[in-house]
Amino acid sequence: MGAPRRAARPPLALSVALVLALGACSSGEASDSASSASPTADATASTAVPASSAEPTVTGEPLPTGPETPSAQASQDSTALSQGDISADELPPVAPDQTSTVDGADIALGAMRSEDLKAGPGETGGPGVVIPVKITNNTGSELSLSGLVVTVTYGADKSPAAELVSAYGEVPDSVAPGETQTVEKAFTIPASGRGQVHVVVDLGPDHAAATFDGAAPS
């Protein structure tokens, strides 16, 4: 017998053709897979919810408010008084020959007169003005004068005038209903500043203050 024959090898060309065919098949499948995935990605991107934009910041001046109510003004006056601003409750000034009404009490100034004031202990005398303050009680009840304070400024720069407490009598304790009490107050005021005098009569912290603007005698 002859020697057994070996299985015949496939030709080289056939092997190369088989490899190319398998590569083309794989490439086509990848391309198809990528094509099928692309619409999904596009759809996902198109349906994505856009991020919410930040709310706009409002800038500019604050809105104007209405006029102050009486209660707000009263509160401000009370605060100013508690901080030592005794002018916060002053009424608008009137002329020295006019009357100002405060909580049922009529306050007026008598005829002011020029005097050479005598000084008491701790005081400095000199040329000054005596100011009679008339208080008429129309409140229907006793009006206390325990908190009465009279102050005077003079000149364009409103310089404070010094009071000489010892120059005249003491202040009465009160004014009976329907009666008038006159309290004289003395202040050193130079003749050069008497053309513009500002007098404040304050019955106490529970009352507004009457004010008078005018000239004092030289």
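This note sets out, in numbered points, the main features of a predicted model of one protein chain.

1. Basis of the note. The model is predicted, so local features are reported only at pLDDT of at least 70 and side-chain atom pairs only at pLDDT 80 or more, while totals for chains, interfaces and linings use all residues. Residues are numbered from 1 along each chain as its sequence is written, and side-chain values use heavy atoms, with hydrogens and water left out.

2. Overall make-up. The chain contains two helices and twelve strands; here helices (H or I, at least four residues) and strands (E, at least two) are DSSP runs, numbered from the N terminus. Along the sequence the pattern reads α-α-β-β-β-β-β-β-β-β-β-β-β-β. Of the 218 residues, 25% count as buried. Buried means under 20% relative accessible area, exposed means over 50%, and partly exposed lies in between (1.4 Å probe, protein chains only).

3. Surface and contacts. The accessible surface of the chain is about 14,500 Å², and 57% of this surface belongs to carbon and sulfur atoms. Such areas come from the Shrake-Rupley method with a 1.4 Å probe; for residues, only the protein chains shown count as cover. Among contacts (heavy atoms within 4.5 Å) with a separation of 6 or more, 68% are between residues 24 or more positions apart.

4. A four-stranded sheet. Strands β7, β6, β11 and β12 form an open sheet in the order β7-β6-β11-β12, with antiparallel pairing. Two strands are taken to pair if DSSP finds at least two bridges between them. The edge positions belong to β7 (159-160) and β12 (209-214); each has a single partner strand, so one side of each is left without a neighbour in the sheet. As background, strands of a sheet pair through backbone hydrogen bonds, either parallel or antiparallel.

5. Strand β11 and its partners. Strand β11 (residues 197-202) is joined to β12 by six bridges, and six bridges also join β6 to β11. On the β12 side, V200 has T211 as its bridge partner, and V197 stands opposite G214.

6. Are the residues of β11 buried or exposed? Six of its six residues are buried. V197, V199 and V201 point one way from the strand, whereas H198, V200 and D202 point the other way. In a regular strand the side chains alternate between the two faces of the sheet.

7. The largest nonpolar core. A nonpolar core is a set of buried Ala, Val, Leu, Ile, Met, Phe, Trp, Tyr and Cys residues joined through side-chain atoms within 4.5 Å. The largest one has 28 residues, of which I131, V199, V201 and L203 touch the most other members. Two or more residues come from each of β2 (105-109), β4 (126-137), β6 (149-154), β10 (180-188), β11 and β12. Strand β4 gives the largest share, four residues. Beyond its neighbours within four places in sequence, V199 is in contact with residues including L109, I131, V152 and F212.

8. Salt bridges. How many salt bridges are found in the whole structure? The search finds three, a salt bridge being a side-chain nitrogen of Lys or Arg within 4 Å of a carboxyl oxygen of Asp or Glu. R113 pairs with E115 at 2.8 Å and with E184 at 3.1 Å. R113 lies in strand β3 (residues 113-117) and E184 in strand β10, so this pair ties together parts that are 71 residues apart in sequence. The remaining pair to describe is E163 and K185, at 3.2 Å. E163 lies in strand β8 (residues 162-163) and K185 in strand β10, 22 residues apart. E163 is partly exposed at 29%, whereas K185 is buried at 12% relative accessibility.

9. A loop residue, E142. E142 lies in the loop between β4 and β5 (143-144). E142 and A176 are 34 residues apart in sequence, yet 4.9 Å apart in space, C-alpha to C-alpha. The side chain of E142 also makes a polar contact with the side chain of S174 (2.6 Å). A polar contact is a pair of N or O atoms within 3.5 Å; within protein, one must be able to donate a hydrogen and the other to accept it, and residues adjacent in sequence count only if both atoms are side-chain atoms.
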